[in-house]
Amino acid sequence: MSRFWKPGSEKPSTLLVDDEEGGVVFLSSSASSASSSGGWLGRWRATYWLHSAQTFGCPVASRVAEEAGVKLGEEGITMIKFLTDGVLIREMMEDPLLTKYSVIMVDEAHERSISTDMLLGLLKKIQRRRPELRLIISSATIEARSMSTFFNIRRRNSLLGSSDDMPDPEPAILSVEGKGYTVEIHYVEEPVSDYLQAAVNTVLLIHEKEPPGDILVFLTGQDDIDTAVKLLNEEIQHLGRHYFDLLILPLYSGLPRTDQDLIFTPTSKGKRKVVISTNIAETSLTLEGVVYVVDSGFSKQKCYNPVSDIESLVVAPISKASARQRAGRAGRVRPGKCFRLYTEEYYLNEMQAEGIPEMQRSNLVSCVIQLKALGIDNILGFDWPASPSPEAMIRALEVLYSLGILDEDAKLTVPIGFQVAEIPLDPMISKMLLSANDFGCSDEILTIASFLSVQSVWVSVRGVKKEFDEAKLRFAAAEKKVIDIRGQLLRLMKGFGIPLKSCEGDMKAVRKAIIAGSFANACHLEEYSQNGMYKTTRTSQEVYIHPSSVLFRVNPKWVVYQSLVSTDKHYMRNVIAIEPSWLTEAAPHFYQYRTPNPALS
DNA sequence: GAGCACTGC
């Protein structure tokens, strides 16, 4: 068993991990106590530090340096770099074995994002070549065992495959106690039919029966949340005086920044704040002062259908791990209570222990292209912590092939494939960027690509009427980001030798350049549909123009979309009108003209 | 007639 410093005992003198045997060390902490501002790291940074650390420009680094009493970026014995899993994967393109690092710690591994899972698979490969590399995977208790098994199996394989006498193949699992307070869990006695109404009732009940302390309610999305806020405010008016102390606030990512800031202002005396939130408050944001949590048991989750190649957001039951995480939000300042709007029987017997890893719920084009760029050719045989479906893999390979990013042997093409791999955008957008010069509009396309990589520069129409100034502010903030992205993309383009050129308002050229990337997203209007129904040319999927589009209700005969948002319907966002002949022009390998059969029309 | 949450340059 590896020697490892235990929090609370005397600090080790020089090395981060004094582990002569090498091996994988797992650290687990309970999900309910995981701190959102950096998980496991968040709890350790104050006590666990070295003589001197070099940290790099990011808020976490500055904070750690400050708490450790060292200067940011100061030269030292041990350098510590804070980065995201995505950035580390990009670093691997320059340095595939990550030779710069002797210890790599993956924090919040239980969240199982695509990039975390990719990184874990890649680190496993690296460790086969670099047995001295120490890995520290920090995850919630619930995931620790499967993570350990994942790395352990690799160990055994590599031992069989080589004559190296590798040390201790058994990863150590260490448990770190969180500092959260206890949270008392309450369940409903009978299943509820309407979780929205149940949530509203529960909030009112808490306010009536429980001592002061803010309430955090987890619902699924903007619609639910707006409805709940309205219902609650109506009830408050109806119930009268005692309830006027309730301050009801919605929270979701689409909310203008100034509204989000309200959430963080401390509750004034005699008031009780009720924050009604999506799962943004589950991991991404931490609210101080929350003592009561109301958990609907649902969240919106991405899911992917490789047949139609469509990602949608669907309301689905959360996992036990999420339920614990949500409950933990009540125990940050003092012992709290969590009210679950489902039965204990349901929690114990029906709720899944863990969520499905994002890898198994997503389109994989970006993932595949990154692995290809790292020289991993056998994508289907890659050793994942959770394997994606072969259908999803094959679909990604098909899309990349049709874009000319992969060749018949599924290798990256030169130069397009390698260039696309270098651009951190959706491969369709990258392809559009690289093709823009053929149409003499790289200037315009650069701007379009930059706008497409921010969520939206427009505030939601619902908010516009009352908060015009806010809308402007938000626009300004997003616009600055767009300019920033544009600058970065421009540098990349220059690196590829693509000149900046404007088509001086020739929008046909711009649309053709867009098609070079998005030809696979072509749709035609169903002639006799009264409601603007389109069908995708590829899979005859029913789709509609998003109401936020200027082409909404204009309904051109042929369109190409940039993305689909799938809620109750599949909505095309960022739509342009096209001529069908442009499709065959742009992608003759993908589209063929079929002369209409006169007998049928 | 309408948006879970992140991330990359």
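At what angle do helix H15 (residues 427-435) and helix H19 (residues 507-518) pack, and how far apart are their axes? In this predicted model, the two helices pack at an angle of about 140°, and their axes are 7 Å apart.

**Helices H15 and H19**

- Because angles of 65 to 115 degrees count as roughly perpendicular and those over 145 as roughly antiparallel, the angle of about 140° between H15 and H19 makes the two helices oblique to each other.
- The crossing in which H15 passes H19 is right-handed.
- On the H15 side the meeting residues are Met-428, Lys-431, Met-432 and Ser-435, while H19 brings Ala-513, Ile-514, Ala-516, Gly-517 and Ser-518.
- Sorted by class, this contact of H15 with H19 holds five nonpolar, three polar and one charged residues.

**Helices H3 and H4**

- Helix H3 (residues 85-94) and helix H4 (residues 114-129) have axes that come within 9 Å of each other and that cross at roughly 40°.
- H3 and H4 are therefore oblique to each other, and their crossing is left-handed.
- H3 makes the contact through Asp-85, Gly-86, Leu-88, Ile-89 and Met-92, and H4 through Ser-115, Thr-116, Met-118, Leu-119, Leu-122 and Ile-126.
- The contact of H3 with H4 consists, by class, of seven nonpolar, three polar and one charged residues.

- Of the atoms of DNA strand B that come within 4 Å of the protein, 56% belong to sugar and phosphate.
- By class, the residues of this surface divide into twelve nonpolar, ten polar and five charged.
- Strand S12 (298-305), helix H18 (468-495) and strand S19 (570-577) each supply at least two residues of the surface near DNA strand B, and H18 gives the most, with three residues.

- An N or O atom in the side chain of Thr-278 lies 3.3 Å from a phosphate oxygen of DNA strand B.

Definitions and conventions
Residues numbered from 1 in each chain as written. Chains lettered and ligands numbered in written order. Predicted model: local features only at pLDDT ≥ 70, side-chain atom pairs only at ≥ 80, totals over all residues. Heavy atoms only, no water. Axes fitted to C-alpha atoms, helices over the stretch in contact; angles between N-to-C directions. Helix = DSSP H or I, 4+ residues; strand = E, 2+ residues; numbered from the N terminus. Parallel < 35°, antiparallel > 145°, perpendicular 65-115°, else oblique. Left-handed = near helix turned anticlockwise from the far one by under 90°. Contact = heavy atoms within 4.5 Å. Nonpolar A, V, L, I, M, F, W, Y, C, P; charged D, E, K, R; others polar. Near = heavy atom within 4 Å. Polar contact = N/O pair within 3.5 Å; in protein donor to acceptor, adjacent residues only side chain to side chain.
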